[in-house]
Amino acid sequence: MSEKQEFKKPELLAPAGDFEKLKFALAFGADAVYMGGSSYGLRAYAGNFDMEKMEEAIRYTHALGRKLYVTVNIFAHEQDFEGMAEYLKQLERMQVDAAIVSDPGVIALAQEVAPNLPLHLSTQMNNTNSYSMRFWLKQGIERIVLARELTLEEIQSVRHNVPGELEMFIHGAMCMSYSGRCLLSNYLTGRDANHGECTQPCRWGYGLVEEKRPGQVFPIEEDERGTYVFNSHDLCMLPHLPLLKPQEIDSYKIEGRMKSIHYVSSTVKVYRQAIDTLWEQGEEAFLAKLPGWLEEMDKVSHRDYSAGFLFGKPGAVSHNLEHSNYIRDYEFVAFGLSQNSAATAENGDNGDITDSTPVNNESGQGHWVEVRYNFKQGEILEVFSPSEEPWSFEVKGIWTEDGEQVEVARHAKQILRLELPKPLASFAILRRAKKDKK
């Protein structure tokens, strides 16, 4: 049997913080997306879906032959169960492909009122060993999301001993608290991370103040005897996919429902190409393309990358000791719209964003774009799309919807027409290298 037939290709699962990001995730190659409803999920500020939008998203996703999962993974208190039964029934009626759950009470309720709704067990349940995983499979759970604190050796052992579906995180922010169970945000800001309102205070700058020396701040440092718990690096399993391939994990998950369209699109495209290359062409072809993929991953907003717990408990090498800043070498400035999206976008509807028909104007080849960050004539922008290699152009002509030529695209959500050397592909993203990038 040839190498490319030995192991089942994993599902690529992407975050969908809102409908717009869902469309981009699917366009750039995700097999499935996960999203939150207006209640019961752990990302309260991710632009979550009301029931009407959720139903529309399900239809859109299923029409493409992909899957959609909904998070119902809060740590539920008694009052949280008010209305939950009807919500779970609605998910079942809308044919959601699975609910991602963590609380045993929510699991029991779902099995009682929505018995045909598949259930995936969230990483919040500290899924670190095969004994607990097999227990949950016996309770009717269809898929287990592995804790991020597992080493490669542990993943291999779990896979050998667990017959059900397994999912693991391969990219995104690493929580400083075990399996995401953190009280820091609630304590410092009153926003509960375990109810979807985390403000990420673990990324803030901290110092130590001694009781009798008020106002004198001592920096928190680390040496070989201590561990720095804040400002963890971002997870990036991309270089290690050849090690993960034999483990036959069913789904590879990208973190980031609160991240930008640019982040979702770039990470999905890179991992789509990497998985397809490794599984279909082999490791030699994968390694040949890896430097280019890593270069692309550096263009999205991120912290320094690490392998997380894959090779053992991470120490200082997996934490930012000097600062808590993101690395942002590129800025996402706009994305392409279709010929008639200028009108629909005014009403908040990018429903025909998939139709990227180019627009001709008197000044040459043009295209509608929706602005996300200011740019101006004379700047060099890079075009990133699902179907082609990145290419660049100099901004020359910019027109408003009224036909007025302007020098600067100033306002987020503004619809403008650009003069371009060639048409934009569907779901094209426009970005700019920062002048001060490394």
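I looked for a ring cluster and found one: ring pairs link Phe 24, Phe 28, Phe 335, Phe 384 and Phe 427. For pairing I used rings of Phe, Tyr and Trp (its six-membered ring) with centres within 6.5 Å; planes under 30 degrees apart are stacked, over 60 edge-to-face, the rest tilted. The model is predicted, so I kept local features to pLDDT of at least 70 and side-chain atom pairs to pLDDT 80 or more, while totals for chains, interfaces and linings use all residues. Residues are numbered from 1 along each chain as its sequence is written, and side-chain values use heavy atoms, leaving out hydrogens and water.

I counted nine aromatic pairs in the structure. Phe 24 with Phe 28 is stacked, because the centres are 6.5 Å apart and the planes at 15°. Phe 24 has a relative accessible area of 0%, so I noted it as buried (under 20%; exposed is over 50%, partly exposed in between, with a 1.4 Å probe and protein chains only). Phe 28 is buried too, at 4%.

Next I checked Phe 28 against Phe 384: stacked again, 5.5 Å centre to centre with 10° between the planes. Which parts of the chain does this pair link? Phe 28 is in the loop between α2 (19-27) and β2 (32-36), and Phe 384 is in strand β17 (residues 380-385), 356 residues apart. Helices (H or I, at least four residues) and strands (E, at least two) are DSSP runs numbered from the N terminus. Phe 384 is buried, as is Phe 28.

Last, charges over rings (NZ of Lys or CZ of Arg within 6 Å of the ring centre and within 35 degrees of the ring normal). I found Lys 253 over the face of Tyr 34, 4.5 Å from the ring centre. The charged end of Lys 259 sits over the Tyr 263 ring, 4.2 Å from its centre.
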